[in-house]
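Trainee: Please pick one part of this model and take me through it slowly. After that, show me what else is worth a look in the rest of it.

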Amino acid sequence: MDFLKLPWLPECSDWVEKLRKAATLDAEELGGELRGLATARLDFLRTSKLDRLMQREADALRLQTPAAKRLRLAVAASCTVTHLIPAIRVGALRRDLWVDVYEAPYGTYRQALMTPDSELYAFQPDVLLLIQDPWHLVSGSRSTADDAISGLRACWQLAKQHSRCTVIQQTVLPVFPDTLGNNECVYPESRAERVRRLNEGLAKAAVDDGVLLLDAATWAARTGLHSWYDPALWHSAKQETSPQVSPLYGDLVGRLLGALRGRSGKCLVLDLDNTLWGGVVGDDGWSGITLGQGNALGEAYIGFQEYALALARRGIILAICSKNDEKNARAPFERHPDMMLRLDDIACFVANWEDKATNLRRIAKMLNIGLDALVFADDNPFERNLVRQELPAVAVPELPEDPALYASTIAGGGYFEGFTVTADDVARVGQYRDNAARVAELEATTDLPAYLRNLDMELIWGTFDEAGLPRITQLVNKSNQYNLTTRRYNEAELREWTQNEEVLTYQLRLRDRLGDNGMISVIIARPKAGEPDAIEIDTWLMSCRVLGRQVETAALNLLVEHARSRGYTRLVGIFIPTEKNEMVRNHYLKLGFELHGKSPEGGAVYELPLPGYTPFDHFITVREA
Amino acid sequence: MTQDAIEDRLTPLFCDVFDRDDIVLRPEMTAKDIEGWDSFNHINLIVAIESSFGVKFQTSEIEGLRNVGHLVELIERKLNAKSGY
């Protein structure tokens, strides 16, 4: 498979025509067209063309993009990277993000990092991408892999000292020819071996220092180093990455930025016939489908199921969306001995004869996630195109004819890019399944209070701590719907508040009779500047899995109690509307706050007087962790 | 492929790289004659040609190109070598 061609994106035969048409639009209309243009298979020339159009209207487009979808990226490199920048902007656009890029002038990245008032820091980047070529890192005969790693760590340290940005470090391309051969590993002085050890050590150092990796070395191995790195271009232009690679490179950066902004997929929705097995279960019966050992095609489908299962194990929700009678569709899961996926692995199973767009909407609703969190895998080009047209928010990878390539295509597209695997991630499939059980019980009950009482809910609260930070960071950057301000903070920023006595921080977990929901809510309240009697809720977010469970009232009781004990008399809440958080528009009104005007960023400000506050009744037992 | 056919196929590549749609190539044209033909776009042009024609330029050729006519000859020679002439 040729990853450089972005095979998971659909071909667009009239792309040039569409671009020409888009170029005649005004900025507002153009904004709506750009993402579609970016979500097609593009070579480097087309990528540059699209970027030129974006840059022509940059000022207007930036203005009409909400703050949560804008990002400032600084790129600091030891080699030429100018040719990669357009593709980075397009890769981010594919994730619905507008990126402003600052590129440190060639050869100056170290000075830029060391100088507190450099242009790089003045740009106030949200993210810093560091790219160092192997000649730069492994020069001379005496510098070891460890020396190079220390040098990189010093760069990260500087960046963190002078800025609040998240650092992304590119891994080092293995460009040096070996001198010994297959057993180069016994000769640590060789440059080839030093680069190998450098990448090995880099991975550990990055985890320790909270730095993210852009794993160019692994991707170059996948595409073939010769197509990634062209010695003639290195000598002519100091490009370690060929312009041909730029569409893929830009997409790799785009998916990292997307993940930082919560744009990664959360759920893989799978078709059944000829996607999870060969043949049509409705015609062939569960025992007649092609699946299992002893048959090349049947093994290929097993391979794909194994990949889906591996995704589920690390927290991706699996759902089924199939045109079938439900009984027929379920039969292989229940009875076929070679099925890797079982009904237990599926959070939401939809098999009927309605169109797939309708069913995908239903799945998003049942799971309480946005349509843009869905990735839809279907072998049928008709269904794929229908969904792309009806639901442009859903990611629909182009699947190759051969099921043996399904897994690598979906993995290649980077739809589920992530940074951590938390205990909550691992438990997620179970949580969504438990939730389906709750929904079923809830539908059967007519007495809501009795239902809630019988759930034996327990809310466990704690302030921010080191153990909770990965999941807190994930929630702060991923939650879109039940999120009052959609303010995104990176781990370093959130860590600062663990040490700040003045800030009230909460991580909340919910357990009940049917299972542990994990960490489901994060709240941050800060003293209001210039108003010593008021404390302001900077962030209040909650997982939609626990909607309607009285968590918000229990949390408010807690918050009020603590605010009062610190002597505050007013609690201030802000609602900043986005495309996605309509459901919390009246959050503060429902909790008894009163509207108190507008905030500078266009939000609504609410206030709750603390002295007369009567705690809400609820059925949750609240305790400190 | 004849020199004319090569030139016909080069024209849209030049237009794409230099973001113009009115470029008419002549053999004596050099970088000075086309706006934006700097060292940055020169590399883009080379890579676009390599990918479109399925040929590869040597390090010395990338820097040693004299004009469009020379480029066409070079491509012709590479294509002929490929097809075994």
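Mentor: Let's start with a word we'll need: two strands pair if DSSP finds at least two bridges between them. Keep in mind as we go that this is a predicted model.

Our part is strand 13 of chain A, residues 534-542. On one side, strand 13 of chain A pairs with strand 12 (residues 515-527) of chain A, in the antiparallel sense, over seven bridges. If you want one of the partners to click on, A:Pro527 is bridged to A:Ile535 in strand 13 of chain A. Strands 12 and 13 of chain A form a hairpin with six residues between the strands, and there A:Gly530 takes a positive phi near 80°.

Strand 13 of chain A also goes with strand 14 (residues 570-575) of chain A, and here the two run parallel, joined by four bridges. Look for A:Ile537, which stands opposite A:Gly573 in strand 14 of chain A. To get from strand 13 to strand 14 of chain A, the chain passes through helix 25 (residues 551-565) of chain A, and this β-α-β crossover is right-handed.

Is strand 13 of chain A buried or exposed? Eight of its nine residues are buried, so the rest of the structure largely encloses strand 13 of chain A.

Now zoom out a bit.

Next, the nonpolar insides. The largest nonpolar core has 148 residues, and those touching the most other members are A:Val75, A:Ala76, A:Cys267, A:Val269, A:Ala319 and A:Leu374. Helix 14 (residues 246-260) of chain A gives the most to this core, with eight residues. Take A:Cys267 for a closer look: leaving aside neighbours within four places in sequence, its contacts include A:Ile316, A:Ala319, A:Leu367 and A:Leu374. Apart from this core lies another, of 44 residues, among them A:Leu459, A:Leu504, A:Val546 and A:Phe575.

Helix 5 (residues 85-94) of chain A is mostly covered too, with 10 of its 10 residues buried. The buried residues include A:Ile88, A:Arg89 and A:Arg94. Among the elements covering them are helix 2 (27-38), helix 3 (44-56) and strand 1 (70-77) of chain A, along with helix 14 of chain A. After helix 5 of chain A comes A:Asp96, with a positive phi near 65°.

A:Asn368 is worth a click as well: its phi is positive, about 60°, although it is not a glycine. You'll find A:Asn368 in the loop between helix 18 (356-367) and strand 9 (374-377) of chain A. A:Asn368 has 18 other C-beta atoms within 10 Å, so it is partly exposed; a buried residue would need 20 or more.

Definitions and conventions:
Residues are numbered from 1 along each chain as its sequence is written. Chains are lettered from A and ligands numbered from 1 in the order in which they are written. This is a predicted model: local features need pLDDT of at least 70, side-chain atom pairs count only at pLDDT 80 or more; totals for chains, interfaces and linings use all residues. A nonpolar core is a set of buried Ala, Val, Leu, Ile, Met, Phe, Trp, Tyr and Cys residues joined through C-beta atoms within 7 Å. A residue is buried if 20 or more other C-beta atoms lie within 10 Å of its own, exposed if 12 or fewer, and partly exposed in between; C-beta atoms are placed from the backbone. Two residues are in contact if their C-beta atoms, placed from the backbone, lie within 7 Å. A crossover is right-handed if, with the strands pointing away from the viewer, the path from the first strand over the helix to the second runs clockwise.
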